[in-house]
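Here is a friendly walk through some aromatic contacts and backbone details. Have the sequence and the 3D view open as you read.

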Amino acid sequence: MELEIGGRVVRVTNPSKVYFPDTGFTKLDVARYFEAVAPGALRAVRDRPTTLQRFVDGIGGEAFYQKRIPRDLPDWIPSARVAFPSGRPADEMCPTEEAAVLWAVNRGTLTFHPWPVRSADTDHPDELRIDLDPQPGTDFADAARAALELRKILTELGLVGWPKTSGGRGLHVFVPIKPRWDFVEVRHAVIAIGRELERRMPDRVTTAWWKEERGERIFVDFNQTARDRTIASAYSIRPFPNAPVSAPLHWDEVDQVRPDLFDLTTMPARYAELGDVHAEMDAERHDLTAALALHQQDIDERGLGDMPYPPEYPKMPGEPKRVQPSRARHDTDEADAAHPE
C-alpha cells in the first residue's frame, strides 16, 4: 500500500503482517496509527539523531536497535553524526518530515529513541529527561505521586516539566533546556533533582543505582541522561501485547489516568480531540544553573559525589567504584579473614 503524507508517498510493504498476535494488529494498523498522530510523533523526534527499535516480524519476533543509518536511507531524510561513550562516531537519521516517521515504520519501527540533542549540536542536550521507574512492589500510581512532588522541585529550580507515560508502568518528565551544558553536567543536574526528590519522599523514591538497595520505591534513573542513553519518544508504541503508547499528559491528568488507557486504538481519538498536548513544549528553554548549584551543594555540604555509570561506559572522572554493595562487603570480609589484625 501507499500512504500520502506531507506531500510524499510512503510505501507500506506487507501491510497485513500481524505485529501484535494477541490483538491481531497488523503492520498497516501501526502505520495508520502513526499517520493519525504524525505531527506529534514528528515533534518528539524532529532534528534529533534517532535510534530505531525495529520489530520486522512483530513483537513475537526478534527485535534490534538500529543506530547507524541504513544504506537505503532516502536522500530527503537528513542525518547527524554522534559520538558514543567509546569515542566511536555514527551517523543516525534525524527526521524532519512526517513522512520520515512513516518510512521508519515501514521498516518495522515501533519505538523511536531520539537523543536529547539536535543535529546542529550533538554534544549539548536541549532536553533534561527524568525517568521515574517503578520497582517491584510499586506501580504507576506510585510514579504519579512522585511526579507531582517532582513538579514542585522543578518549579523551585525555575524549570518546567512535561509529563508523559512511558508506555509501561513508569512516567517520564522532560524539561526543555538551553543547549549550554554537556552530557555530564545535565546528568549531574538530574542526579541533584533525584536526590532532592528522594529526601522529600525517602520511603517512596530512591536514586540507588544498585537494585539490591532500591526496595519497593520509585527509582529515578539518572543514567538515562548519560550519552547514548535514550528514552522512548512521545507517541512511540511499546512492544507489549495490547500495543500501549507513550502518551503525553497534562499535569492535572497525571494522578487521574492509567497507562493502559493509551494504546494504538485509543490514542488517535484522543489526538483528534486534543491534538498534541505537548505542542508548546519547545516554546521556552530553561536554565540549569539552579539545579547545578544544588548538585554542588550536595558535594560541599552533604559529601555526595557522582554516581556510577552503566557498565559499558569508560571510567568517568569522579565516579565511584562500580561494585555492588553486597559484593564489596563480601570482598572486604574475605580480605579481613585472610589478614586478621
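## Charges over rings

Arginine 214 places its charged end over the ring of phenylalanine 219, at 3.7 Å from the ring centre. Keep in mind as you look around that this is a predicted model.

A second case involves arginine 187, whose charged end sits over the ring of tyrosine 309, 3.6 Å from its centre.

## Aromatic pairs

How many aromatic pairs does the structure hold? There are 9 aromatic pairs. One of them joins phenylalanine 34 and phenylalanine 112 edge-to-face, with 5.7 Å centre to centre and 75 degrees between the planes. Phenylalanine 34 belongs to helix H1 (residues 27-36) and phenylalanine 112 to strand E9 (residues 109-114), so this pair ties together parts that are 78 residues apart in sequence. Both phenylalanine 34 and phenylalanine 112 are buried.

Tyrosine 235 and tyrosine 271 also form an edge-to-face pair, at 5.6 Å centre to centre and with 75 degrees between the planes. Tyrosine 235 lies in the loop between E14 and H6, and tyrosine 271 in helix H6, so the pair ties together parts that are 36 residues apart in sequence. Tyrosine 235 and tyrosine 271 are both buried.

For a cluster, look at Tyr33, Phe34 and Phe112, which are linked by ring pairs.

## Positive phi in two loops

Asparagine 14 is not a glycine, yet it has a positive phi of about 50 degrees. You will find asparagine 14 in the loop between strand E2 (8-11) and strand E3 (18-20).

Alanine 243, also a residue other than glycine, has a positive phi near 55 degrees. Its place is the loop between strand E14 (218-220) and helix H6 (267-274). Is alanine 243 buried or exposed? Alanine 243 counts as buried because its relative accessibility is 0%.

Key: Residues are numbered from 1 along each chain as its sequence is written. This is a predicted model: local features need pLDDT of at least 70, side-chain atom pairs count only at pLDDT 80 or more; totals for chains, interfaces and linings use all residues. Side-chain values use heavy atoms; hydrogens and water are left out. Helices (H or I, at least four residues) and strands (E, at least two) are DSSP runs, numbered from the N terminus. Buried means under 20% relative accessible area, exposed over 50%, partly exposed in between (1.4 Å probe, protein chains only). Rings of Phe, Tyr and Trp (its six-membered ring) pair if their centres lie within 6.5 Å; planes under 30 degrees apart count as stacked, over 60 as edge-to-face and the rest as tilted. A charge sits over a ring if NZ of Lys or CZ of Arg is within 6 Å of the ring centre and within 35 degrees of the ring normal.
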